[in-house]
Amino acid sequence: MSAVLEVKGLTKNYQDTPDSRDILKDISLTVNHGEFICILGPSGCGKTTLIRCIAGFEDYEGEVLVEGKRVKRPDIDRMMIFQDFNQLFPWKTVKKNIQYPLKVNGVKDKDELERIAEENLKLVGLEGKGDLYPHQLSGGMKQRVAIAKGLALKPKIILMDEPFASLDAMTRSKLQNRLLDIKEKEDITVIFITHNIQEALVLGDRILFMSKQGKIKIDTQNTIARPVSPVSEGYGEMWKLFHDALWGEDEDTK
Ligand SMILES: Nc1ncnc2c1ncn2[C@@H]1O[C@H](COP(=O)(O)OP(=O)(O)O)[C@@H](O)[C@H]1O
Ligand SMILES: [Mg+2]
């Protein structure tokens with residue numbers, strides 16, 4: 001397997017106050033092409049900061065390399081999908097939202113734009129919904145459009161920052177399955193942030209745990225056979241590993 005992302009000695013300090021601390025401390029991580037990585041960790045441990053550095057939104061010390069090239073700014077080889085339902089332009093239709101970044105990046109042909117929008121809407125189960133406006137969509141549908149928009153650019157890495165955290169449990173579970181289906185069909189590499197252990201176990205090929213000190217404390221393959229459910233063999237052990245790690249963090253900060 002070839003590495004699509006290498007993070008070497010990544011340290012991040014926002015330098016916003018004289019006594020500001022290192023949020024990320026000397027993080028090193030290699031992500032292989034096609035991996036689906038989930039990153040778990042307590043609130044405030046730096047998960048968002050880590051993927052913002054990978055996305056190119058932040059400066060940093062150390063190295064972040066995508067296929068060997070240093071990340072300096074956002075680019076279409078890395079797409080970020082957020083928790084917020086309002087990541088679409090409200091004045092554009094679903095289709096135009098998906099097509100906008102394609103147009104900005106030089107896709108001019110109308111038929112091609114139509115085809116790409118329809119193809120990606122189909123992937124997220126929204127075929128035929130291209131002419132709706134964001135206000136006509138549920139939260140779950142908006143997140144699916146955001147995913148379609150990200151996929152349409154065929155990025156090398158998709159960075160997802162708790163994209164399903166604001167959804168009800170049922171919709172969340174459906175979208176997890178949808179994402180796993182997409183992963184089966186498409187050649188994608190995903191880094192998915194969550195603070196939900198079950199979500200990490202359901203989605204991740206590999207699961208990382210970040211501590212409050214801004215370090216990766218656990219980095220393990222997910223050995224539970226898919227489809228993962230709480231009654232799957234090995235689920236209890238894996239769940240306990242991460243549950244204890246999270247509660248251990250809580251003890252540390254008392
Ligand atoms: N732009 C910023 N400026 C200063 N501090 C920040 C900024 N963004 C995040 N932080 C701080 O960095 C720490 C980690 O935040 P974040 O990466 O959002 O954590 P998580 O996503 O794990 O909840 C927090 O203490 C937060 O207050
Ligand atoms: Mg966060």
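Helices here are DSSP runs of H or I with at least four residues, and they are numbered from the N terminus. Keep that in mind for the element names below. Note also that this is a predicted model.

**Stop 1: helix α1.** Select residues 47-55, which form helix α1. Colour the buried ones: Lys47, Thr48, Thr49, Leu50, Ile51, Cys53, Ile54 and Ala55. In an α-helix, residues three or four places apart point the same way, because there are 3.6 residues a turn. Now step just past the end of α1. Gly56 has a positive phi there, of about 95°.

**Stop 2: ligand 1.** Show ligand 1 and the residues around it. Three of the buried α1 residues, Lys47, Thr48 and Thr49, belong to this shell. By class, the shell holds six polar, three nonpolar and two charged residues.

Zoom in on β6. Which way do its side chains point? Arg78 and Met80 point one way, while Met79 and Ile81 point the other way. All four of these β6 residues are buried. Side chains alternate between the two faces of the sheet in a regular strand.

Move across to β7. Strands β6 and β7 pair in the parallel sense, over four bridges. Select Arg78 and look for its bridge partner in β7, Ile157. On to β8: β7 (residues 157-161) and β8 (residues 190-193) are also parallel, with four bridges. Here Asp161 has Ile193 of β8 as its bridge partner.

**Stop 3: the two domains.** Colour by domain. Domain 1 takes in 3-77 + 156-252, and domain 2 spans 89-154, according to the domain assignment. Their centres, taken over C-alpha atoms, are 26 Å apart. Where they touch, 11 residues of domain 1 contact 11 residues of domain 2. On the domain 1 side, select helix α5 (residues 169-185): it gives the most, with four residues. That side of domain 1 divides into seven nonpolar, two polar and two charged residues.

Note on methods
Residues are numbered from 1 along each chain as its sequence is written. Chains are lettered from A and ligands numbered from 1 in the order in which they are written. This is a predicted model: local features need pLDDT of at least 70, side-chain atom pairs count only at pLDDT 80 or more; totals for chains, interfaces and linings use all residues. A residue is near a molecule or strand if its C-beta atom, placed from the backbone, lies within 6 Å of it. Ala, Val, Leu, Ile, Met, Phe, Trp, Tyr, Cys and Pro count as nonpolar, Asp, Glu, Lys and Arg as charged, and the others, Gly among them, as polar. Two strands pair if DSSP finds at least two bridges between them. Helices (H or I, at least four residues) and strands (E, at least two) are DSSP runs, numbered from the N terminus. Domain bounds come from an automatic or database domain assignment. Two residues are in contact if their C-beta atoms, placed from the backbone, lie within 7 Å. A residue is buried if 20 or more other C-beta atoms lie within 10 Å of its own, exposed if 12 or fewer, and partly exposed in between; C-beta atoms are placed from the backbone.
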